[in-house]
Amino acid sequence: MFRHSPASCKSCEPVSVPTLRKFNGCQHFQTFVPVSNMQDYVTVTADSALENDVRQLVRLAIAEDLSDAVDWTSVCMIDDDKRGGCQVVPRQTGICAGLSAVPWIVDEFEADLDVELLCDDASPLLAGRPIARLRGNVRDLLTSERTILYILCRLCGVATQVKRYVDAVDGFEA
């Protein structure tokens with residue numbers, strides 16, 4: 001059994017509820033899943049709920065980063081018909097995560113870009129090995145690249161750190 005705030009909750013008595021435990025007479029409500037019922041992880045799938053969340057995040061990024069949803073530096077410096085491409089290349093080894101969001105990000109920017117994903121989520125990343133290619137309008141590429149890279153870096157970083165923790169506890173029984 002776990003305890004919480006014993007000084008302020010001396011009268012609390014634990015009451016079992018199927019997979020929850022709560023304390024009567026206390027303003028704090030705590031839930032937990034007993035270790036015997038826990039999964040090692042919950043797989044996040046690229047479903048419509050995740051797509052909606054990613055699109056909302058991208059809209060927030062656009063509102064924060066671009067006045068009038070325009071990258072004025074690109075507009076002033078790059079011809080509107082200029083075509084080009086780039087590769088997304090990790091600098092370090094790690095675990096790939098979030099690639100399935102890249103087409104949604106490009107779509108939310110209404111960017112004239114073709115996206116080619118070169119690996120799958122949960123795949124190992126190798127430093128210097130491309131994980132995606134983007135081709136199309138250079139203005140659109142420059143306008144969307146910051147958001148694409150931010151989201152990929154964050155998700156790959158989290159996945160890589162989780163893998164380190166998993167490796168660190170490998171062989172220990174919970």
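Modeller: First, a definition: a residue is buried under 20% relative accessible area, exposed over 50%, and partly exposed in between. Also, this is a predicted model.

Biologist: Got it. Is E108 buried or exposed?
Modeller: The cut-off for buried is under 20% relative accessible area. E108 has a relative accessible area of 18%, so E108 falls on the side called buried.

Biologist: Which residue forms a salt bridge with E108?
Modeller: Side chains of opposite charge can pair when their charged atoms come close. For E108, the closest N and O atoms of the pair are 2.8 Å apart, and the cut-off is 4 Å. The partner is R55.

Biologist: How many residues apart are E108 and R55?
Modeller: E108 is in helix α3, residues 102–108. R55 is in helix α1, residues 48–65, so the pair links distant parts of the chain. R55 is buried too, at 14% relative accessibility.

Biologist: How many salt bridges does a search of the whole structure find?
Modeller: E108 with R55 is one of them, and R146 with D65 is another, with the closest N and O atoms 3.3 Å apart. The whole-structure search gives a total of nine.

Biologist: Which parts does the pair of R146 and D65 tie together?
Modeller: R146 is exposed at 54% relative accessibility, while D65 is partly exposed at 34%. They are 81 residues apart in sequence, so the pair ties together helix α4 (residues 138–169) and helix α1.

Biologist: What is the N to O distance where the side chains of E116 and R133 meet?
Modeller: E116 sits in strand β5 (residues 113–117) and R133 in strand β7 (residues 132–137), 17 residues apart. E116 is partly exposed at 33%, and R133 is partly exposed at 25%. Their side chains meet in a salt bridge, N to O, at 3.6 Å.

Biologist: Which residues do salt bridges that share partners join into one network?
Modeller: The pair of E108 and R55 is a salt bridge, and both residues belong to the network. Salt bridges with shared partners bring in others as well. The network is E51, R55, R59, D107 and E108.

Biologist: What is the bridge partner of G84 in β7?
Modeller: β3 and β7 pair in the antiparallel sense over six bridges. For G84, the bridge partner in β7 is G136.

Biologist: Last one, about backbone angles. What is the positive phi of A122?
Modeller: A122 lies in the loop between β5 and β6 (124–125), and A122 is exposed at 60%. E110, in the loop between α3 and β5, has a positive phi near 55°. A122 is not a glycine either, yet its phi is about 80°.

Technical notes
Residues are numbered from 1 along each chain as its sequence is written. This is a predicted model: local features need pLDDT of at least 70, side-chain atom pairs count only at pLDDT 80 or more; totals for chains, interfaces and linings use all residues. Side-chain values use heavy atoms; hydrogens and water are left out. Helices (H or I, at least four residues) and strands (E, at least two) are DSSP runs, numbered from the N terminus. Buried means under 20% relative accessible area, exposed over 50%, partly exposed in between (1.4 Å probe, protein chains only). Two strands pair if DSSP finds at least two bridges between them.
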